[in-house]
Structure formats: C-alpha cells, structure tokens
Amino acid sequence: MNPIIEVKNFTKRYGKFTAVDNISFDVAEGSIFAFLGPNGAGKSTTINTLCTIFEKTEGILRIDGKDVSTQKSEVRRAIGVVFQDSTLDKKMTVEENLKMHCVFYSVPKSEVNERISFVLELVELSEWRKKRVSALSGGMKRRVEIARGLIHYPKVLFLDEPTTGLDPQTRAHIWEYIVKLQKEKNITMFLTTHYMDEAEICNQVAIMDGGKIVANDTPFALKKQYTKDRAYITTERPEELERLLHTYNLDYIKKPKYYRVDACNIPTLLQVLGEQKDVITDLELKKGTLNDVFLEITGKEIREGTKS
Amino acid sequence: MKTVLALCMRNLKEFVRNRTRLIFSIIFPFFFIYVFSAIFRNDYIENPISHMLAGIAIATVFDFSLRISSTTIDDMASGFMKEVLVSPVSRLSVAGGQFLSSAVIGTMQGLLIIIIGFFIGFRITTPLTIIYMILAMIFVGFVFAGFGLFLATNTKSTQTFQVISVAITMPMTFLSGAYIPLEHLPPTLTYISYINPLTYAVALFRTISLERLATPQSQLIAEELAFEIGGFVVTPWISALFLLGFGALFLLLSTISFARTDFSKVSRGAGEQIDW
Ligand SMILES: Nc1ncnc2c1ncn2[C@@H]1O[C@H](COP(=O)(O)OP(=O)(O)OP(=O)(O)O)[C@@H](O)[C@H]1O
Ligand SMILES: [Mg+2]
C-alpha cells in the first residue's frame, strides 16, 4: 500500500537558520504517527509545511499523492489541522465556529447540524454549543478545535500538541477519540507530543532533535533497540549481592540505597534473586521507556515528558 | 460565493458585537455633523447643508471601509486567518468577504449620516437619488476597502497599521474637499489634493447627492464638483473612471499580496503567543 504522507529530503530555513534539516519519512494510511521531540526540534515547522501554511525550502512533500506546493487545494481538502496555537474565532460562538468550518469545506447543508451535534458529543461539549468561545476554558477550547478538525471527515488529521495543557481525564478522553477515529473512520493521525506515554500508543514514532529525525520506528522496536530492562534491588547484604552479580556476570551500577542491575537475561537474574531471597527488602523491575530511548539517542531528556 | 457571504456575515456580526466600537460609530456622525455645520454655515455655496453632509458621508464611508479592512490583521494575530487559509476556500473569496463587509459597513455609516441629514435640512427631489447615492457609497467603499486591505496585508501588525493609517487617512481626508473646501487650501496643497483619490470620490458623490449631473461644466468647476487641471477638465464621470482604476488596482494588489501571505514570515504578533 502506498504511504499517505511522503516526505523526501525536506529542508526548511528561516533566513539563514535551518529549522528542519533534510528529513525523509513516510506515514502509512490509517496509522497513528507521532513526532516526539524537545522544544524547537522542528515539529511544528514540519506540520505547518505539510498542511500548506508554510513554504518549504527544499524537498518533496506529498499527501495522498498530491504535492503540497503545487496542488495546495487538493491537499487542503484532504486534511484537517489542529495547530499548536489556537485558531478559533473567539468572538463567535462554538456553533458559529463549526458552521463556518462547514462552509469552508463545503459540507452539505443537510448534514451540518447533525455533524455539529456528533462532534460536540464526541468531545462532550454539547451544552456549550451556543456559548462564545472566549467564555470557554483553555482545555475546552482545545476540544472545540479537535471537534472542528474532524467535522469534514479528513483523510489525514494533523494535531500539533493536541493535549498540552489538558487535565489527565481530558487527555485520556482525547486519546480515546483519536484511537476510535483511526479505527472506525480510518483517519490517519499525524501528531506531535512531548508526552512519552502518548507516543507509546502510536503505531510509529519519529524522534526529532535539532531539525533532524534521529530515530523512526514502532515504539516497541525503538525500546528494543535502544533500552534495557532493569531491576532495582535493595538488600540487607550488599557484599554478597555484589559477589553474586560478579559470578553470574551481570552488569550493575551501585547506588546509595539500591543496585541497578541489567535485566536482559531473566533466568540468570532469577538465580541471583533466588540465592538472596531472604535478605532482599525491595525489588522493582522496570521496562525501558521511550524517554530512555530519547536519552540514549540524544543524551538529554525531553523536558516535559519526564514526569510520565 | 457562499464563502464570501459567510465571511462577510461574520465580520458584520463581529462589528455589531464589539459594543464600544458600535456605540462610537453611532455617536460619531452626530459629532461630525455638529462640528462641521458650524464651519460651513457662513459659506457662499448654495445649499451648504447638503454640500457638507455629502462630504461628511463619503469621508465616513472612506474612513470605515479602510478601517474595517484592518480587522484582517487582528484575524492574522488571533490565528483565525490560519484556519481560513488552511481550508480549501479560494484566497479570492476570502479577500472578497473582507471587501464586501468593509463596503457594507462603510455604506451603513454613510447612510446613517444621510438619514440624520434629512432631519437637519438635507433635500433631494427624487427618491432615485438616494438609490444612486447608496450605489456610489458601495462603489467608494469597495475602492477603499481594497486600499485598506493592501495596507493591512503589507504591515502585518495592528500597531503599525494604526500609525500608517492615521498618517495616510488624515491628509487624505483633509486634502479632499470633504470637510474643507479646496479653495481654502494653499496652492501647493491643492496640487496634492489633485492626486488624492478621495478628492474624486467626494466630487462624484456630491454631484450625485446634489443632483448636479446635468449642470454645466463651468458651474461644476466653481462648486468643486469638477476640476480643471492644466486645461483638462475632470468631470464627475472622469472622477468615477479614475476611482474605478484606483480601486481595481488595489483590489487586485491586495488580493495578490493576501494570497501570497506566507505564514512562516508573518511576525509572531501578540495573538500568536497564546500557549496551550
Ligand atoms: N516563523 C519563524 N521564524 C523564524 N524562526 C522560526 C519560526 N518558527 C519557528 N522558528 C524556529 O525554528 C525552530 C523550530 O521551531 P518549531 O516551532 O518547528 O519547533 P517545535 O519542535 O514545534 O517546538 P515546540 O515543541 O516548542 O513546539 C525553532 O528554533 C524556532 O525558533
Ligand atoms: Mg511546536
């Protein structure tokens, strides 16, 4: 199957500053694709160029086989966009915003009301339909924007940090919608995030840093390639544990309160634990996370993702 | 066409919802008429009230249509223009909606002055005149909406636009004959007023509202409804043609510069920093 988004050797410069540096990637139709990266990595720049708002400097970008520089109208018809910054018409009501959007995308008049009710129900804002946007909270505005991006049933939905600044419940809900829409309507989701736990849900994750894609794979494959599972052991007899770890040839790091042991070989680890079973006071097994992947590749943490 | 109307309706709604601006724009005509009727009272022109009112009305159309065009900048700063421009609607209809709403609001304001005018002595002999006046105001509204959008798309920040629009509209209104008869101006300024498109809009609109389309040329020149520039007589019809050219040029230029707006180059105005 042909990829729905194709990017080849894309470069974007602002004056002399290179914000995106020769990146290439594909996104499969019907998948959830995430750009993960710290502030200033070039995520928004890439999204804005893909959705025809910015002009590329170099490269080929295609959506559904259409070139974003020469077939702008076709591309625009195929996509929905939720920008990083709000693009709502604040002096108008929620309904007026959605109706206007329907006019822009030529949604048949007979379906407009039905679709507005449907998307507002989806984001649980039905009672706010007649309220001015300026009267909504930040998270509600975000939900209105997501609802608006969906109302014309786009083939690809771009979401630039859709959940930043939302409370955990709303965040979880929005992810429910995203996954549901991807499954039921086969909408391809292209999103950016700083949250590792969100990236884990995606089918494919491209890690971006300093304008370059430093890794691009499924979350599972990324973790497999770049991280190790680890056991955190606290014991009453540290010397004995150290001796055992040496004999069984397990790598470890000694910390003031615990030992961090590489857990790639589970049977050996179990033997060590077995010999110490009466003196171990605390044991924790940790799987590698995308944050570890990021740390491993770039040598730094994603600032806002570390709490996940 | 649907988009043009929808965008125009939205701008009209916004204009009405902005209470302070609405109240100001309703009080504004009364104020102007009060101030300028004092200036015009002892003038030589026959029917000074009508003469003055026509001038104020058309200058108001000019002022409002130019100013309403600048809401485009607010829409860019608030981000809404991004939503519009990422959708498949043509740039032409987006610009069209902007022109139409500017022209409509300008005309409404002009009409408000004329309506007040009827209570203080403005007279016409046939109701057809009022229809011609409205058509003329819509025409002038479009002409200067194009000019306004051109300024707006090329300044990209509300503050800059405000400075530039004052720097341009002030001299344009005062050197147009709308408030101050041109013969009161020093000769050098008279020449400047001849290259001022508003001068011709004023002349055209006055000719229509004073029902002077059939008046002999010498009389028109005496009343500043036509101009003799270096032996060439600019009749009201030539004024209309001149305005048509000016309007078409700026409608075209502003639509082009609007269509070319590359958002990666729009300065990140106050509205763009809203963070989620
Ligand atoms: N309009 C612009 N003009 C000049 N430089 C810009 C512009 N937009 C972005 N940049 C620069 O390009 C780089 C990438 O910005 P971009 O907005 O794409 O980052 P991002 O990955 O989306 O970051 P964040 O996570 O903070 O949203 C940054 O260094 C930024 O300063
Ligand atoms: Mg960004």
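Guide: Start with confidence: pLDDT is the predictor's confidence in each residue, from 0 to 100. Two residues count as in contact if their C-beta atoms, placed from the backbone, lie within 7 Å. This is a predicted model. Over residues 304-308 of chain A, pLDDT stays under 50. For that stretch the model has 10 contacts beyond four places in sequence.

Visitor: How do you know what confidence chain A has as a whole?

Guide: Its average pLDDT is 88. At least 70 is reached by 97% of the residues.

Visitor: And what is the mean pLDDT of chain B?

Guide: Chain B has a mean of 83, with 91% of its residues at 70 or more. Confidence in chain B is lowest in helix α2 (residues 19-40), at a mean of 77. It is highest in helix α10 (residues 197-209) of chain B, at 92. Residues 267-276 of chain B stay under 50, and the model has 19 contacts beyond four places in sequence for them.

Visitor: Which scores does the model as a whole carry?

Guide: ipTM is 0.81 and pTM is 0.83.

Visitor: How is chain A divided?

Guide: Domain 1 covers 5-224 and domain 2 covers 228-286. The C-alpha centres of these two domains of chain A lie 45 Å apart.

Visitor: How many residues of chain A are in contact with chain B?

Guide: On chain A, 29 residues are in contact with 23 residues of chain B. The elements of chain A that give two or more residues to this side are α2 (72-78), α3 (94-104) and α5 (138-150). By class, the side of chain A that touches chain B has 12 nonpolar, 8 polar and 9 charged residues.

Visitor: Now chain B. What makes α3(B) and α6(B) roughly antiparallel?

Guide: The axes of helix α3 (residues 48-69) and helix α6 (residues 91-119) of chain B cross at roughly 155°. Angles over 145 degrees count as roughly antiparallel. Therefore α3(B) and α6(B) are roughly antiparallel to each other. Their axes come within 8 Å, and the crossing is right-handed.

Visitor: Which residues of α3(B) and α6(B) make the contact?

Guide: From α3(B), they include B:L53, B:I56, B:V61 and B:F64. From α6(B), they include B:Q98, B:I105, B:G110 and B:I113. The contact of α3(B) with α6(B) divides into 11 nonpolar, 11 polar and no charged residues.

Visitor: Where do α7(B) and α8(B) meet?

Guide: B:L151, B:A152 and B:T155 in α7(B) meet B:T160, B:F161, B:I164 and B:S165 in α8(B). This contact has 4 nonpolar, 3 polar and no charged residues.

Visitor: What is the handedness of the crossing of α7(B) with α12(B)?

Guide: α7(B) passes α12(B) in a left-handed crossing. The axes of α7(B) and helix α12 (residues 236-259) of chain B cross at roughly 35° and come within 8 Å. Among the residues in contact are B:F142, B:F147 and B:F150 of α7(B), and B:L243, B:F246 and B:F250 of α12(B). The contact of α7(B) with α12(B) has 11 nonpolar, 6 polar and no charged residues.

Key. Residues are numbered from 1 along each chain as its sequence is written. Chains are lettered from A and ligands numbered from 1 in the order in which they are written. This is a predicted model: local features need pLDDT of at least 70, side-chain atom pairs count only at pLDDT 80 or more; totals for chains, interfaces and linings use all residues. Domain bounds come from an automatic or database domain assignment. Helices (H or I, at least four residues) and strands (E, at least two) are DSSP runs, numbered from the N terminus. Ala, Val, Leu, Ile, Met, Phe, Trp, Tyr, Cys and Pro count as nonpolar, Asp, Glu, Lys and Arg as charged, and the others, Gly among them, as polar. Axes are lines fitted to C-alpha atoms, for helices over the stretch in contact, and angles run from 0 to 180 degrees between N-to-C directions. A crossing is left-handed if the near helix is turned anticlockwise from the far one by less than a right angle, and right-handed if clockwise. Angles under 35 degrees count as roughly parallel, over 145 as roughly antiparallel, 65 to 115 as roughly perpendicular and the rest as oblique.
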